[in-house]
Amino acid sequence: TGFRDFNKYQNKNIKSPVDCLLTTAGLPLFLVDICLDVLAAVEFYKEGSYPSLGVLLVLLIGSSVLVQLYSWLWYSYDHFDMKTRVEESAKPGLAVLHWVQLGIYVRCVQSSSRASGSVAFLNQDLSMLRIIETFSESAPQILITPLVLLHHHRHCTVGSLSAVAYCVTTYHRCLRSFLPGKEEQSVLSSLVFFTWNLLLLAARIVALALFASVFPCFIFTHFVCSWLLFCYFAWWADTDFMDSVGGEWLYRATVGLIWYFDWFNVVDGKTRNRAILYHAWILLDIFVLCGLWFWKMSWDPPGFELSRLQAAIVWGAVVAGYASGLVLRIVYYTCFHPKLNKVELMGGNAKTQSDEVDSPPDDDGGVRPPLRNKRMKKLAENFYSSSADGAEV
């Protein structure tokens, strides 16, 4: 969570009221997430739940290592082409900074640079790094939090779920910078996008948390089996995001982790059927997980009791929440999602990137070539390009 507060769309070219609102909301959500980390660790320690505390620390450290690894790989793919003075000054010790988990802060400090081209480039990378960090730390963290803790600190749980949905929303708004004409996303569109992501994420994570509260050992089996299945499908989709074979397999493993919680488009073209299959599978999984929780609560409830009626209401509410999120998702893609084919997107992409991330003059008065973030360009093409039959994902 360490770099979230730095990446708040610091690009001075962003003037949208929605961007200002997201910037304002980012800090409170970031603080809530830190509070939840500290609260969970303290609660685990007080209760003597050292295995849960250990898992929490593994998540925090593992997420940091994963993000630093991506940051280092992207530097190597760019041939360590330093774009700001901060980078140049940190270049000799860049490897050491990444080893001690501080490399990401170099990118964060750079995002405060006065060079607008570098800011846009770096913020685009940071938005993807935030997605990786969110689904490797924040989302899994809720699953290891005991249900009693969730019961007594609902506000923190809601805040953490909102922080995850907020991260997805800001990532989406970052992708919109690649659209021809840099189309602004309306307040209503952003609200709908945030709401359906919050509903889908909340339903999925709550279902997993409920299952983990009564079957703590089986949740790991469920995760490993699901993750392996999703990794296989990421390989089958033939992703092409990283510039090395090892990096691509790391990306596919990361996609498998993200898919465990939420849909993430990794290839362009006809992906509607893939999205439908994914959401049908997740909806069925949520139904089964909540059903097993209901069955366990009915005959052998843990620490606190719920009546069969209350448990049934919770079961139905979680499933209905995911279904409601799917309805809002359809509304978004029907009414608000830009409809572009890949040729239009790629044509506008080059123009947009030249306009938005032109580098500032060098110290000697020359002008650097335009900075284009090819990684986020691929993701934007995947997210916005229409399929051959006109279906968007």
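**View 1. Where helices H10 and H11 touch.** On the H10 side, Phe-223, Trp-227, Phe-230, Cys-231, Phe-233, Ala-234 and Trp-235 meet Trp-249, Arg-252, Ala-253, Val-255, Gly-256, Leu-257 and Trp-259 of H11; contact here means heavy atoms within 4.5 Å. Sorted by type, the residues of this contact come out as twelve nonpolar, one polar and one charged (Ala, Val, Leu, Ile, Met, Phe, Trp, Tyr, Cys and Pro count as nonpolar, Asp, Glu, Lys and Arg as charged, and the others, Gly among them, as polar). Keep in mind that this is a predicted model: local features need pLDDT of at least 70, side-chain atom pairs count only at pLDDT 80 or more, and totals for chains, interfaces and linings use all residues. Residues are numbered from 1 along each chain as its sequence is written, and side-chain values use heavy atoms, with hydrogens and water left out.

**View 2. An aromatic pair in helix H9.** Phe-193 and Trp-196 sit three residues apart in H9 (residues 187-214), which means about one helical turn separates them. Their ring centres are 5.1 Å apart and their planes meet at 65°, so the pair is edge-to-face (rings of Phe, Tyr and Trp, its six-membered ring, pair if their centres lie within 6.5 Å; planes under 30 degrees apart count as stacked, over 60 as edge-to-face and the rest as tilted). The whole structure holds 24 aromatic pairs.

View 3. Confidence is highest in H11, at 94, and lowest in helix H14 (residues 342-356), at a mean of 47.

Note on methods:
Helix = DSSP H or I, 4+ residues; strand = E, 2+ residues; numbered from the N terminus. pLDDT = per-residue confidence, 0-100.
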